[in-house]
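Hi,

Here is the structure I promised to pass along. Have a look at it first, and then read on for my notes.

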Amino acid sequence: MSDGSLSVGKLIQTVRARGVRPSIADHCSADVAFAIKTVDEVRAYLEELEGHDVARGGEFCWHDSLWRELPDELVSRFTHRLGSLHAVFLPDGTTVHVFSKRLPADLTPDAYMDIHVDNLERFAREMTVDVLAHPTLLPLPFRSIPLEDMWTEEREDRAVKALASAGIAFEISARYRPHERLVRRAHEAGVRISLGSDGHTSEQVGDVEFPLALARSIGIRDEDLYDPFVHGRR
Ligand SMILES: [Zn+2]
């Protein structure tokens with residue numbers, strides 16, 4: 001409804017045709033273009049989804065305040081909620097957005113990653129979501145650096161411990177693909193794994209081929225993959 005190209009009905013039909021159970025998670029954030037930006041818009045979004053046979057998700061930005069403003073009555077109408085780090089707070093309180101092309105001049109990849117993991121730990125403590133969406137999405141200028149180098153094993157360890165103690169699932173995103181070592185570490189730490197297409201077009205929606213193959217290659221059983229109707233929500 002926000003930045004996707006399909007109607008709800010068409011999306012459901014397309015995903016079902018792939019043999020995948022449909023789930024919609026529009027971006028709910030005042031700080032992202034083409035997103036659901038207000039409490040009233042969240043209400044209208046839920047009303048629309050409640051008219052269809054579909055899982056009602058939503059992706060909320062950690063750095064934005066909309067998720068903090070939602071009344072419990074609306075929170076309870078989601079089948080599950082995702083949180084994501086589309087921006088992180090720097091120590092001075094300003095934010096760095098993952099889609100900005102320019103970063104502060106003194107922000108090295110190493111310094112950024114320490115801040116990123118600090119933010120991830122705070123996110124896990126404060127945000128009562130069920131899934132961390134695309135955990136390895138990083139700022140544009142750093143995306144050419146191999147993920148295995150950005151995520152040292154120590155950083156991976158901190159991240160998966162934070163998710164495990166909060167009971168937040170780790171999404172294998174088809175769009176922002178995580179490196180296998182981190183997914184394996186999350187699984188071994190007891191973090192539940194979730195599959196996400198992050199699809200916006202009819203070619204993409206419900207296409208979880210890559211996430212499913214990666215999860216299976218690590219030895220994760222299909223029935224252990226996060227399913228809000230089986231594993232519930234927080
Ligand atoms: Zn996202």
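This is a predicted model: local features need pLDDT of at least 70, side-chain atom pairs count only at pLDDT 80 or more; totals for chains, interfaces and linings use all residues.

The protein has 10 helices and 8 strands. Its radius of gyration is 17 Å, close to the 17 Å that the globule rule gives for 234 residues, so the protein is as compact as a globular protein of that length. The C-alpha trace spans about 50 × 40 × 30 Å along the principal axes. If you take the contacts between residues at least 6 apart in sequence, 72% of them join residues at least 24 apart.

Now to the sheet. Six strands form an open sheet with parallel pairing, in the order S1-S2-S3-S6-S7-S8. Strands S1 (23-28) and S8 (193-196) stand at the edges with a single partner strand each, so one side of each has no neighbour in the sheet. For S1, pairing with S2 (residues 55-61) is in the parallel sense and runs over 6 bridges. If you want a spot to look at there, Ala25 stands opposite Gly57 in S2.

Finally, the core. The largest nonpolar core has 54 residues, and the ones that touch the most other members are Val131, Leu163, Phe170, Ala186 and Ile193. Leaving aside residues up to four places away in sequence, Leu163 touches Ala124, Leu132, Ile168, Phe170, Ala186 and Val191.

Best wishes

Terms used. Residues are numbered from 1 along each chain as its sequence is written. Helices (H or I, at least four residues) and strands (E, at least two) are DSSP runs, numbered from the N terminus. The radius of gyration is taken over C-alpha atoms; the globule rule is 2.2 Å times the number of residues to the power 0.38. Two residues are in contact if their C-beta atoms, placed from the backbone, lie within 7 Å. Two strands pair if DSSP finds at least two bridges between them. A nonpolar core is a set of buried Ala, Val, Leu, Ile, Met, Phe, Trp, Tyr and Cys residues joined through C-beta atoms within 7 Å. A residue is buried if 20 or more other C-beta atoms lie within 10 Å of its own, exposed if 12 or fewer, and partly exposed in between; C-beta atoms are placed from the backbone.
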